[in-house]
Amino acid sequence: MKLASALALVTAALITTAPARASDTVGQALASNPALSTLSAAVQASGLAETLASAPAITVLAPTNEAFAALPAGTVESLLKAENQSQLQDLLKRHVLGAAYDVNGLKTRRVVTTLAGNEIRPGLVRGKLRLDGEVRVATKAVRIANGYVIVIDRVLTP
């Protein structure tokens, strides 16, 4: 993916038809952003929406629809099936941090650990925040009731 188109994807994901409010849950924030509709559907299908809404403090690293579309053909459809709910939950937990970080907060961390137990290394690459050196991060986080949603340009797979 070319740099300009990747940046456009992340920027477009920040433009919402109904901006999230600090009182919104994760589910409400995702549902209000058309660029995150695949993630919104996945959170609902996983059964994690209530768990995420009631967590004391979280950061959701939110892949765009384009990030999900870049997965191998049939992956999303397969994960959304009821019989694959535990696999979907495992994938989504790779995108949730057990603390509330905005973008500036992530920049100050050397390592963050997801609910799935994987470690992610935030860092600056040419002045832009990246996760593990490759995953592009939006320049602004969306505040939700118990933390933040930060748009990213890739799905964090095992």
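Predicted model: local features only at pLDDT ≥ 70, side-chain atom pairs only at ≥ 80, totals over all residues.
**Helix H3**

H3 spans residues 37-46, and its buried residues are Leu39, Ser40, Ala42, Val43 and Ser46. Viewed down the axis of H3, these residues fall within an arc of 165 degrees, so they line one face of the helix. Several elements cover that buried set, including the ones tabulated here.

| Element covering H3 | Residues |
|---|---|
| Helix H2 | 26-31 |
| Helix H4 | 49-54 |
| Strand E1 | 58-63 |
| Helix H5 | 65-69 |
| Helix H7 | 85-93 |

Gly47 follows H3, and its phi is positive, near 80 degrees.

**The sheet**

Strand E1 also belongs to an open sheet of 4 strands. The order is E2-E1-E9-E8, with mixed pairing. E2 (96-97) and E8 (142-144) stand at the edges, each with a single partner strand, so one side of each has no neighbour in the sheet. Strands of a sheet pair through backbone hydrogen bonds, either parallel or antiparallel. E1 and E9 (residues 147-152) run parallel and are joined by 6 bridges. Leu61 has Ile150 in E9 as its bridge partner.

**Asn146**

Asn146 sits in the loop between E8 and E9. Is this residue buried or exposed? Its relative accessibility is 8%, and buried means under 20%, so Asn146 counts as buried. A polar atom of the Asn146 side chain lies 2.7 Å from the backbone oxygen of Leu52. Beyond its neighbours within four places in sequence, Asn146 is in contact with Val26, Leu52, Ala53, Ala55, Pro56, Ala57, Ile58 and Ala100.

Notes: Residues numbered from 1 in each chain as written. Heavy atoms only, no water. Buried < 20%, exposed > 50% of the residue type's maximum accessible area, 1.4 Å probe, protein only. Helix = DSSP H or I, 4+ residues; strand = E, 2+ residues; numbered from the N terminus. Arc of directions from axis to C-beta. Contact = heavy atoms within 4.5 Å. Pairing = 2+ DSSP bridges. Polar contact = N/O pair within 3.5 Å; in protein donor to acceptor, adjacent residues only side chain to side chain.
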